[in-house]
Amino acid sequence: MAEDSAAPSHEQDVNPWSVEGARTETGEVAAIDYEALAKKWNTSLIDQELLERFERVTGHKPHRWLRRGLFFSHRDFEKILTKYEHGEPFFLYTGRGPSTGSLHLGHTIPLQFTKWLQDVFDVPLVFMLTDDEKALFNDQATFEDTLHFAMENARDIIALGFDVKKTFLYSDLKYLGNHFLMNAWEFSRLITFNQVRGAFGFNESSNIGKIFFPSVQCVAAFATSYPEIWTDEPLPVRSQKIADIACLIPMGIDQDPYFRLLRDNAHRMRYPSPKPALIHSKFLTALQGAGGKMSSSNPNSAIFMTDTPKQIKTKINKYAFSGGQVSVEDHRRLGGNPDVDVSYIYLTYFEEDDEKLEKIYNDYKKGDLLTGELKKLAIDVLQENVQQFQERRKLVTDEVLESYMKPRKLEWRGNPNPVPKPPSEEKPEEKGKGKGKGKDKKLVVL
Ligand code: TRP
């Protein structure tokens, strides 16, 4: 895994703690091959048919990140669409490892996308801050440090606009207990050391916190970990009815190994849950170009959400890898290469207008649009995005923070016009004990 990174040539390595493109014998770093990754991990690619179904079922045009393949892979996303179609309950779960106090643009991608899904589906979201994980995996950080980062990140996350009525945001170090911890212990009993070693590359010298932690990240996808979200009852407990609520997890593809473990074992819990559905994103390209992702440890690789307009301008002008020619004359004559141009790639993430984007692409390729002009377009869009974020961040007071982080019943509506399920579509769901689903989808409360 990460230890191999010093080797002169190696295959690409994507795991929850590091991401590296393949390296050739001459030391060149190749772009991440996402299709190869999807194939290796046996995920499904998001295709046109799925996007069309999404639009039919939700009445929403797919997000530009779906249209343009930034979210490119999934597991069982179509099952979530079926649930939505029939008005059956499900919720969203995502998370963030608070390794620093400030987010960069790359971190916000899965989060902004999750907010959009929350708006489209009108469903609850649980948002985990893994301040436990970040201290376990970094000897330099204390638990106080990562807890502090978690609370700072929480303000950033709130500034992205999640609906407080539908969102429960929590720090592992503060919230874990009760049903959540019971689920984590129960799940840990189902997983052996051999399995986590296989999934994450741990060995006998890994601290035992690391070995247990996957259990924590996994059970967050069980609705039973938060019985208080679903009911007003004073002392809610785990039940089969709650366990039946399905889950969709938006994430960077590097997190997939956790959730394979989860999907393989969800049915083995005392209150079995359906396999959580997953939707995977690529990483935001580093300023230096393909093969790297934005990284907090390399400030010149990333646009930070705290950057000033001037810093953004300087970073793009100075560091953004260009697909242009060396001289204006050559550029006019030969044209540029937008496919490797980081400014263009950033525009594909943040420019909503498909037609405008296509024109930029063609103009650059023809040489009508110069590198400086293309950079200017990217700078404008990024400055705007970051500035709006900073405005909203200022509004996150201590009270606002507290309102998101308080365990409580959430309020949502789901699909306003569900279509009844045709009887032929009624299939027995996951195998597993305790499932006695009748046609009327009345759920057993244990
Ligand atoms: N481990 C993730 C990180 O380091 C944080 C995380 C926890 C997460 N649960 C998640 C990410 C669910 C995506 C989906 O960033």
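How many nonpolar, polar and charged residues make up the shell around the ligand? The residues divide into 6 nonpolar, 6 polar and 3 charged, where Ala, Val, Leu, Ile, Met, Phe, Trp, Tyr, Cys and Pro count as nonpolar, Asp, Glu, Lys and Arg as charged, and the others, Gly among them, as polar. Keep in mind that this is a predicted model, in which local features need pLDDT of at least 70 and side-chain atom pairs count only at pLDDT 80 or more, while totals for chains, interfaces and linings use all residues. Residues are numbered from 1 along each chain as its sequence is written, and side-chain values use heavy atoms, with hydrogens and water left out.

**Around the ligand**

- There are 15 residues around the ligand, and Tyr93, Gly97, Glu133, Gln217 and Gln255 come nearest; a residue is near a molecule if one of its heavy atoms lies within 4 Å of it.
- Lys134 has a polar side-chain atom 3.3 Å from an oxygen atom of the ligand.
- On its own the ligand exposes 360 Å², and the protein buries 91% of that; accessible areas come from the Shrake-Rupley method with a 1.4 Å probe.
- Strand S5 (90-96), helix H6 (131-136) and strand S8 (246-252) each give the shell at least two residues, and S5 has the largest share, with 4 residues.
- Those element names follow DSSP runs numbered from the N terminus: helices are H or I with at least four residues, strands are E with at least two.

**Cysteines**

- The disulfide count is 0, with a disulfide taken as a pair of cysteine sulfur atoms within 2.5 Å.
- Cys218 is in no disulfide, and the nearest cysteine sulfur, that of Cys247, is 11 Å away.
- Cys218 is buried, at 0% relative accessible area, and Cys247 counts as buried too, at 3%. Here buried means under 20% relative accessible area, exposed over 50%, and partly exposed in between (1.4 Å probe, protein chains only).

**Positive phi values**

- Most residues other than glycine have a negative phi, which is the background for the next two.
- Asp76 has a positive phi, near 60°. Asp76 sits in the loop between strand S4 (71-75) and helix H4 (77-85), and is buried at 15% relative accessibility.
- Asn178 has a positive phi as well, near 40°. Asn178 belongs to helix H9 (residues 178-188), and at 67% relative accessibility Asn178 is exposed.

**Aromatic rings**

- The model holds 37 aromatic pairs. Rings of Phe, Tyr and Trp (its six-membered ring) pair if their centres lie within 6.5 Å; planes under 30 degrees apart are stacked, over 60 edge-to-face, and the rest tilted.
- Phe54 and Phe77 make a stacked pair, 6.4 Å centre to centre with 15° between the planes.
- That pair links distant parts of the chain, with Phe54 in helix H2 (residues 48-58) and Phe77 in helix H4, 23 residues apart.
- Phe54 is buried at 1% relative accessibility, and Phe77 is buried at 3%.
- Ring pairs also join Trp17, Tyr93, Phe137, Phe200, Phe202, Phe213, Tyr258 and Phe259 into a cluster.

Definitions and conventions. A polar contact is a pair of N or O atoms within 3.5 Å; within protein, one must be able to donate a hydrogen and the other to accept it, and residues adjacent in sequence count only if both atoms are side-chain atoms.
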